[in-house]
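Student: Could you take me through one part of this model up close, the aromatic contacts and whatever sits around them? I'd like the cut-offs spelled out as you go.

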Amino acid sequence: MVSQSALPRRLLGRTAIQVSALGFGTAPLGDLYRKLDDATAVAAVGRAFELGINLLDTSPLYGHGLSEHRCGTAIRRVDPFHGRGDGSGFVGGQPHQAVVDYSYDGTMRSVEQSLLRLGTDRLDLLLIHDVDVWTHGADAIEDRFREAMAGAYVALDRLRGEGVVAGIGIGVNEAEMCVRFAQAGSFDTMLLAGRYSLLEQPALEHFLPLAQQQGIGVMLGGVFNSGILATGAVSGAKYNYQDAPPEILAKVARIEGVCSAHGVALSTAALHFALGHPAVASVVLGAQNPQEVERNVAALSSKVPSALWTDLKAEHLIDTDAPVPSSVPG
């Protein structure tokens, strides 16, 4: 066993950097002359660190980025990062402060950085995120909206025009902002979180008809309203990322009662309802493990009787004008 003390450190010229007398050249980690599996390559870097090597020599040329990706994976494992408590809810992650920048240059930098982190040279869709009152507050939203349309939108529109991306859109938490953006620019898609669900349908009156009229493909997030439509009206159930208030708990309990009467899980009904509107192309569901992914897929393939929607409308638990799966062709 070789200890770290077996590798002395030396000052690198005029810098203040102390480097190990033995460095690690990572060209082989880019599959130079022979392919390595990821686990072996990452383990090689990890072992170098264990033995006291602190100098990695890598390059974008090595495997056209593969060596850098593998080195990055190893670095994250031996030097775990911790979040800075910025209120985002992410308790780990990388030590980067979130910066809101909807300018043209900021958007272009963000796209480039995402490509680097993803390890790809193309993206299909680019979305401007969180230009809404929920995120920025009523006092700042007008400035943020103008900044986004004058900066981020112009940048994304250029990338779309050059064929770099196939479509552009926005991702927000408010149906009203979807309408504003749809009227201000030419968008291909919009991701709306929480505002069209089995619990509430504020997007039904204005945004979704406008999306159909303009050919905007709608993606829905938050169709469980932060969890309560998955857990049911239990103690501590979450709604809009906070503990659900009594009136929300009561309404969800009534919805759940109707679902139970038809032998349908509340979460399954919520998923099917969200897909019932013809403007909706996809429902985006989160998952923490393979089992949750499998559960979501199974829920989508489950059958929901049309009588369930009839009863929910009869009890005024969903909007009477809301399209439901059984009434949507195709």
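Tutor: Here is a walk through the aromatic pairs, then a helix that takes part in one of them, and then some other spots.

Before we start, this is a predicted model, so local features need pLDDT of at least 70 and side-chain atom pairs count only at pLDDT 80 or more, while totals for chains, interfaces and linings use all residues. Residues are numbered from 1 along each chain as its sequence is written, and side-chain values use heavy atoms, with hydrogens and water left out.

On to the rings. A pair of aromatic rings is described by the distance of the centres and the angle of the planes. Here, rings of Phe, Tyr and Trp (its six-membered ring) pair if their centres lie within 6.5 Å; planes under 30 degrees apart count as stacked, over 60 as edge-to-face and the rest as tilted. Searching the whole structure turns up six aromatic pairs. Take Tyr-196 and Phe-273: their ring centres are 5.3 Å apart and the planes sit at 20°, so this pair is stacked. Tyr-196 is in the loop between strand 7 (189–193) and helix 7 (207–214), whereas Phe-273 is in helix 10 (residues 266–274), so the pair ties together parts 77 residues apart in sequence. Helices (H or I, at least four residues) and strands (E, at least two) are DSSP runs, numbered from the N terminus. Tyr-196 and Phe-273 are both buried, where buried means under 20% relative accessible area, exposed over 50%, and partly exposed in between (1.4 Å probe, protein chains only).

Phe-273 also forms an aromatic pair with Trp-309, and that pair is tilted, with 6.1 Å centre to centre and 45° between the planes. Since Phe-273 is in helix 10 and Trp-309 in helix 12 (residues 306–314), the pair ties together parts that are 36 residues apart in sequence. Again, both Phe-273 and Trp-309 are buried.

That brings us to helix 12. Its buried residues include Leu-308, Trp-309, Leu-312 and Lys-313. Looking down the axis of helix 12, the buried residues fall within an arc of 130°, so they line one face of the helix; the arc is that of the directions from the helix axis to the C-beta atoms. On the face turned away from the buried side of helix 12 you'll find the exposed residues Thr-310 and Ala-314. Helix 9 (246–261) and helix 10 are among what covers the buried residues of helix 12. Just after helix 12, His-316 takes a positive phi of about 55°.

While we're at helix 10, look at Thr-268, which lies in that helix. Thr-268 is buried, with a relative accessible area of 9%. Not counting residues up to four places away in sequence, Thr-268 touches Ala-299, Ser-302 and Val-304, with contact meaning heavy atoms within 4.5 Å.

Back to aromatics: Phe-145, Tyr-153, Phe-181 and Phe-187 form one aromatic cluster. Arg-180 lies over the face of Phe-145, at 4.1 Å from the ring centre; a charge sits over a ring if NZ of Lys or CZ of Arg is within 6 Å of the ring centre and within 35 degrees of the ring normal.

Asp-38 is in helix 1 (residues 38–50) and is partly exposed, with a relative accessible area of 47%. Leaving aside neighbours within four places in sequence, Asp-38 is in contact with Leu-66 and Arg-70. Asp-38 and Ala-270 are 39 Å apart in space, C-alpha to C-alpha, and 232 residues apart in sequence. Thr-73 lies in helix 2 and counts as partly exposed at 24% relative accessibility. Between Thr-73 and Gly-46 there are 9.3 Å in space, C-alpha to C-alpha, with the two 27 residues apart in sequence.

Finally, two backbone spots for your checklist. Asp-31 is not a glycine, yet has a positive phi of about 65°; its place is in the loop between strand 3 (24–25) and helix 1, and at 23% relative accessibility Asp-31 counts as partly exposed. Ser-226, not a glycine either, has a positive phi of about 70°. Ser-226 lies in the loop between strand 8 (217–221) and helix 8 (228–231), and counts as partly exposed at 30% relative accessibility.
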